[in-house]
Every structure is written in structure tokens, then in C-alpha cells.
Amino acid sequence: MTDFHEEALVEQATFGAGCFWGAEASFRALPGVLDSRVGFARFAEDESALIEVVQVDFDAQVITYDQLIAHFWTVHDPASVDRQGADVGIKYRSALFFGSEEQAKVASVARQALEASGTLNRPVATVIVPLVEFVLADEEHQRYLEKHGGSSCSI
């Protein structure tokens with residue numbers, strides 16, 4: 001008798017939520033997230049800017065892209081422009097990088113819903129842009145909080 005195991009439906013998502021160490025740790029804790037890596041993303045509107053991002057591989061049969069975006073809203077301040085906590089500058093921009101037109105649509109609807117919810121006291125600053133380039137951060141930055149202890153980017 002053979003065991004039947006469903007194959008994972010692996011998709012990828014890239015999020016700019018400030019310090020990538022904390023974002024990576026929070027996404028890795030979600031059921032359905034299979035792997036992650038931190039790095040820097042570049043996008044067409046400002047090709048000179050690199051933004052700290054976490055890129056996650058997830059099983060879309062366990063967690064949806066929409067659910068990942070809902071989590072993304074909770075791990076940073078999506079109304080802050082180029083700043084998250086004490087970290088200031090364009091590399092801390094709030095961004096949803098999409099890899100497909102379907103992801104672009106889902107992200108746009110999620111952003112509109114957050115804006116309409118009235119839960120923020122300022123407009124949503126999160127940009128929704130295609131991922132032009134992803135540059136993997138050095139190994140020392142991968143799973144940083146897991147390796148060094150801690151629950152946030154504050155050191």
C-alpha cells in the first residue's frame with residue numbers, strides 16, 4: 001500500500017516591511033510558509049533604490065497570498081513613508097512586490113480594503129510594484145534572529 005501525499009503548491013511572495021530580520025522571523029512562523037530568505041529588491045519606479053525585503057516560499061494550499069498580505073499589515077506600519085520605527089530611509093519602504101498579474105490584483109484589493117477599513121489614522125503608504133530584481137543578503141543576515149536570539153530588530 002502506498003501513502004498518498006499531496007504535493008505542495010509552491011508560490012513565492014516578496015515583502016518590504018522595514019528591517020528584514022524581524023519580518024523574516026514573523027513570516028517563518030506562519031503555517032504554510034516553507035522557506036524564506038532576506039535580501040534587497042529593486043523596482044522600476046526607482047531603479048537606484050534597494051529595499052530590505054523578505055522573500056517567502058509558501059504552500060498556497062495551506063496559506064494564501066491574501067493571508068500573507070494580511071499578516072504583512074500587522075508586522076510593520078503600512079502608513080509610514082520610508083521609515084519603520086527607528087529605521088529611516090528608502091530601504092525601509094513599505095512595499096508589496098508582485099511576481100504575477102494575479103498577485104498584483106490581490107495586493108491592490110488588499111491595499112484598498114485596508115485603506116477603506118479606517119484602522120489607520122493616515123493613508124496607506126505601501127507601494128505595489130513588480131519585482132525587477134532580488135539580491136540575496138549575505139548569509140549572516142539569513143535567519144538572523146533565529147541564530148542570535150531576539151524577537152525584533154532592536155539590538
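Visitor: Let's start with β6. How many bridges join β6 to strand β7 (residues 127–130), and do they run parallel or antiparallel?
Guide: There are 4 bridges between β6 and β7, and the strands run parallel. Two strands pair if DSSP finds at least two bridges between them. Helices (H or I, at least four residues) and strands (E, at least two) are DSSP runs, numbered from the N terminus. Before we go on: this is a predicted model, where local features need pLDDT of at least 70 and side-chain atom pairs count only at pLDDT 80 or more, while totals for chains, interfaces and linings use all residues. Residues are numbered from 1 along each chain as its sequence is written, and side-chain values use heavy atoms, with hydrogens and water left out.

Visitor: Okay. Which residue stands opposite Val 127 in β7?
Guide: That's Ala 95.

Visitor: And what do β6, α3 and β7 make?
Guide: A right-handed β-α-β unit. Right-handed means that, with the strands pointing away from the viewer, the path from the first strand over the helix to the second runs clockwise.

Visitor: How many residues of strand β6 are buried?
Guide: 5 of the 5 in residues 94–98, so β6 is largely enclosed by the rest of the structure. Buried means under 20% relative accessible area, exposed over 50%, and partly exposed in between (1.4 Å probe, protein chains only).

Visitor: Which way do the β6 residues point?
Guide: Ser 94, Leu 96 and Phe 98 point one way, and Ala 95 and Phe 97 the other way. In a regular strand the side chains alternate between the two faces of the sheet.

Visitor: How do β1 and β6 run, parallel or antiparallel?
Guide: Antiparallel, joined by 4 bridges.

Visitor: New topic: where is Gly 16, and is it buried or exposed?
Guide: Gly 16 is in strand β1, and it is buried, with a relative accessible area of 0%. Among the residues it touches are Val 53, Phe 72, Ser 94, Ala 95 and Phe 97, not counting residues up to four places away in sequence. Contact here means heavy atoms within 4.5 Å.

Visitor: What about the largest nonpolar core, how many residues has it?
Guide: It has 27 residues, and those with the most contacts inside it include Phe 15, Phe 27, Val 56 and Leu 96. α2 (65–74) is among the elements that each supply at least two residues of this core, and the largest share, 5 residues, comes from α2. A nonpolar core is a set of buried Ala, Val, Leu, Ile, Met, Phe, Trp, Tyr and Cys residues joined through side-chain atoms within 4.5 Å.

Visitor: Which residues does a second, separate core include?
Guide: That core of 6 residues includes Ala 41, Val 53, Ala 95 and Val 129.

Visitor: How many aromatic pairs are there?
Guide: The count comes to 5. Rings of Phe, Tyr and Trp (its six-membered ring) pair if their centres lie within 6.5 Å; planes under 30 degrees apart count as stacked, over 60 as edge-to-face and the rest as tilted. Phe 15 and Phe 27 are stacked, at 4.7 Å centre to centre with 15° between the planes. Phe 15 lies in strand β1 and Phe 27 in helix α1, so this pair ties together parts that are 12 residues apart in sequence.

Visitor: And how do Phe 20 and Phe 40 pair up?
Guide: Edge-to-face, at 5.5 Å centre to centre and 65° between the planes. Phe 20 is buried, with a relative accessible area of 3%, whereas Phe 40 is partly exposed, at 22%.
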